[in-house]
Amino acid sequence: MTKRLVIPGELVTEERKKLGSHVFVNEGKIYSDSIGLVNDESDYASVVPLEGKYTPQEGDLIIGVISAEKFSVYTVDVNSFYQSIISKKELREIVKPGSVVSAKIYKVNELNEMELGNPRLFFGGEIIEIGPVKIPRVIGRDGSMLNSLKEGTNSSIIVGRNGRIWAKGGDLDLLRKAIKKIENEAHTENLTNKINEFLKKNSPKIEKKAKVEEEEMESEE
Amino acid sequence: MRPELWDLRVDKVVADLKNGSRADGRKVDEVRKVVLTKDVSENADGQARVKLGETEVIAGVKMVLGTPYPDSPGQGSISVGAELVPMADPTYENGPPRSDAVELSRVVDRGIRESKTIDFSDLCIVEGEQVWIGFVDIYIVNNAGNLFDACGLAAISALFDTKMPKLEDGRIVHHEYNGKLKLKHKPILNTFAKIGNTVIADPSNFEEKAMSARFSVTVTEDNITAFQKGLAGSFSVSEIDNAIDVAYKNSKQMRKFV
Amino acid sequence: MAKKEEKIVYVDSKGKRLDGRKVNELRPIKIKAGVIPRANGSAYLEWGQNKVLASVYGPRECLPKHTASPYKAVLKFTYKMSSFSVPDRKNPRPGRREIEISKVCGEALEKAIFMERFPNTQIDVTVNIVDSNAGSRIAALAAASVALADAGIPMRDMVSGTGVGRAGGKVIVDLNKDEEDAPDAVDVPLAILPNSKEIVLLQLDGVFSKKEWQEAYKLGVEASLEVYEKQKEALKEKYVITETKKGVEKK
């Protein structure tokens with residue numbers, strides 16, 4: 001299943017296919033609106049973009065950074081087009097500007113403004129950022145890539161759909177390198193196998209996995 | 001307000017330093033990789049592009065004809081300016097220079113001007129009437145931390161590269177040159193960040209977010225030609241003395257690029 | 001003071017110009033996408049002697065709020081010339097020429113972007129002309145389009161263009177500075193959306209007949225499509241796989 005690289009305004013197909021995402025119609029022909037990949041064998045005319053900011057979707061788990069405190073809410077940077085807000089009543093823990101939280105997107109309006117819920121504060125660990133469009137590759141089909149990463153590095157990992165990945169414990173250096181590799185090769189085939197090989201070649205000593213709140217916070221994939 | 005300050009990342013920088021390690025694997029007094037090229041502008045009389053790690057700045061020199069100050073009729077001058085172009089950082093905006101841009105320009109300028117690197121009487125054409133003014137303009141392309149040292153290196157390298165425009169009947173002849181600008185020294189700017197109780201050289205972006213104080217020192221082969229302490233924290237005199245030693249050491253390497 | 005000015009032949013009998021080009025030939029163009037890590041999108045472009053850097057931030061919150069539109073994104077385009085980009089040092093403060101060029105370039109790009117998808121946001125495009133020799137605003141647009149695509153901002157097409165005009169009595173494409181200084185010079189910056197050929201930037205300086213304009217337009221569109229190919233190449237080049245012994249890596 002080879003994929004074809006297209007740029008904005010480039011022809012996707014002249015056939016009458018069902019319309020997927022990141023395409024538009026002009027005089028009966030379907031064009032791409034982004035730089036991305038097209039699967040010519042699909043029934044859908046669709047482009048998977050290789051660049052771009054995070055477009056919020058209901059139900060997504062995201063990782064945000066508290067940016068300011070207001071009277072009854074905190075504003076949160078979610079690496080999208082606007083900041084979002086979390087009501088102080090929703091928070092069980094004490095946060096301040098700079099605190100990193102995970103949250104679920106409850107609602108998104110037509111302006112891409114989102115309502116966040118179930119905020120949880122992260123303790124320790126670190127954040128790795130990658131382009132949000134590459135996140136599906138970090139998760140993989142049925143979570144296969146994410147499992148490979150967890151097992152291969154022994155780290156606790158939580159993936160935010162908005163391009164932020166929280167990780168703690170295990171071989172974080174190896175994890176960072178693996179994620180960078182995924183980001184650079186997101187548009188290639190066979191990525192899960194390549195990453196598995198990469199992790200095996202550089203596999204860390206088996207350490208006791210640190211106990212974290214990961215189980216509570218894990219979103220269904 | 002964009003929350004560039006993330007607790008987790010700042011905590012990590014501080015914790016790592018307690019173990020003597022930095023995110024990119026450098027030692028506390030180690031400077032990032034430097035790449036210096038002269039591919040900025042054919043219209044410049046002198047030029048330099050500096051990449052210090054991922055921080056990138058471009059500098060160009062234009063020698064301009066001017067009139068001398070009344071109290072120094074036989075002296076030309078130089079003027080160094082750095083602009084925080086809105087392309088280099090999401091927080092930069094169009095408009096008049098912020099105080100940090102002004103500080104940056106003046107610190108870079110001071111280290112070169114006060115170091116007697118250029119004999120300003122060399123820049124005199126007709127005493128009391130016409131002198132050369134060397135404008136060094138620096139534009140930030142990508143801010144990945146430590147603009148001071150990147151701009152310092154770019155400025156002195158561009159000046160070192162500068163050819164003197166040919167004059168005919170008191171006017172500049174474009175694209176024709178007559179010799180080079182004479183510089184006696186190669187002053188190098190070295191900046192340090194204090195994080196917790198550790199002082200590190202050449203702070204990167206996230207290290208700058210974690211720093212409580214900043215110290216810059218310009219040195220020639222033998223002497224100190226500028227100090228600047230910035231931000232609201234403080235340094236002990238032994239930290240300053242140690243930084244000066246590191247500055248002398250690191251400058252030897254940096255000077256090779258000029 | 002020259003006694004007798006030598007008559008400069010801008011286009012000789014064989015159709016060769018001062019720099020050896022044919023009347024419909026562009027100067028060499030090189031483009032690289034993704035050169036500024038902090039920016040959402042970026043590009044570096046060389047066009048003849050012109051050297052330009054373009055950056056894109058956004059779509060992001062529109063501030064100050066009163067400049068925002070509830071119907072679409074607001075494009076804030078800044079064209080700025082470095083002080084050392086021209087033979088006589090340019091004062092770094094924005095002049096009227098830069099302000100006008102910023103306006104027409106921003107307006108050219110708006111037609112290419114799906115602005116209505118991002119209401120209440122702003123898209124910041126900054127182009128720094130680092131070295132210039134005629135045609136810098138078109139070079140700026142070419143670089144800005146690549147930077148916008150590099151930022152993943154949805155567009156209906158690139159914006160591609162070239163200067164057209166006249167020097168030495170002949171209609172030519174992509175005038176350089178010497179040609180712009182010709183006594184009969186006409187300079188017409190032109191930019192189009194390559195698919196539909198819609199004109200999104202058009203200005204004129206000089207005295208042109210309608211017939212000359214039509215000839216210039218034809219040559220201009222052909223040349224603009226060549227520019228488009230360069231832009232496409234630059235964007236796709238970022239994703240070329242180079243198989244090496246160590247494995248596969250992105251450029």
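Two strands pair if DSSP finds at least two bridges between them. Helices (H or I, at least four residues) and strands (E, at least two) are DSSP runs, numbered from the N terminus. With these terms in hand, let us work through some exercises.

This is a predicted model, in which local features need pLDDT of at least 70 and side-chain atom pairs count only at pLDDT 80 or more, while totals for chains, interfaces and linings use all residues. Residues are numbered from 1 along each chain as its sequence is written, and chains are lettered from A and ligands numbered from 1 in the order in which they are written.

**Exercise 1. The sheet of chain B**

Find the order of the strands in the open sheet of 4 strands in chain B, and say which strands are at its edges.

Step 1. The order is β10-β9-β11-β12, and the pairing is antiparallel.

Step 2. β10 (198-201) and β12 are the edge strands, since each pairs on one side only. From one strand to the next, the twist averages 20 degrees; such angles run from 0 to 180 degrees between N-to-C directions, with axes fitted as lines to C-alpha atoms, for helices over the stretch in contact.

Step 3. Strand β9 (residues 188-195) of chain B pairs with β10(B) over 4 bridges in the antiparallel sense. Here B:Lys194 is opposite B:Val199 of β10(B).

Step 4. Strand β11 (residues 213-219) and strand β12 (residues 224-230) of chain B run antiparallel and are joined by 6 bridges. B:Phe215 has B:Lys229 in β12(B) as its bridge partner. The two strands form a hairpin, with 4 residues between them.

**Exercise 2. Confidence in chain B**

Where in chain B is the pLDDT below 50?

Step 1. Recall that pLDDT is the predictor's confidence in each residue, from 0 to 100. Chain B has an average of 93, and 98% of its residues score at least 70.

Step 2. The stretch below 50 is residues 1-5 of chain B, which has 15 contacts in the model beyond near neighbours in sequence. Two residues are in contact if their C-beta atoms, placed from the backbone, lie within 7 Å.

**Exercise 3. Helix pairs in chain A**

How do α3(A) and α2(A) each run relative to α4(A): roughly parallel or roughly antiparallel?

Step 1. Helix α3 (residues 172-185) and helix α4 (residues 191-201) of chain A have axes that come within 11 Å and cross at roughly 155 degrees.

Step 2. Apply the cut-offs: angles under 35 degrees count as roughly parallel, over 145 as roughly antiparallel, 65 to 115 as roughly perpendicular and the rest as oblique. α3(A) and α4(A) are therefore roughly antiparallel. Among the residues that meet are A:Leu174 and A:Ile182 of α3(A), with A:Ile195 and A:Phe198 of α4(A).

Step 3. For helix α2 (residues 144-153) of chain A and α4(A), the axes come within 10 Å and cross at roughly 0 degrees. These two helices are therefore roughly parallel. Their meeting residues include A:Ser148 in α2(A) and A:Asn196 in α4(A).

**Exercise 4. A helix pair and a contact face in chain C**

Step 1. The axes of helix α1 (residues 96-110) and helix α2 (residues 136-150) of chain C come within 10 Å and cross at roughly 45 degrees. That makes α1(C) oblique to α2(C). Among the residues that meet are C:Cys105 in α1(C) and C:Ala144 in α2(C).

Step 2. Turning to the contact face, 23 residues of chain C are in contact with 28 residues of chain B. β3 (50-61) and β5 (121-131) of chain C are the elements giving two or more residues to this side. β5(C) gives the most, with 5 residues.
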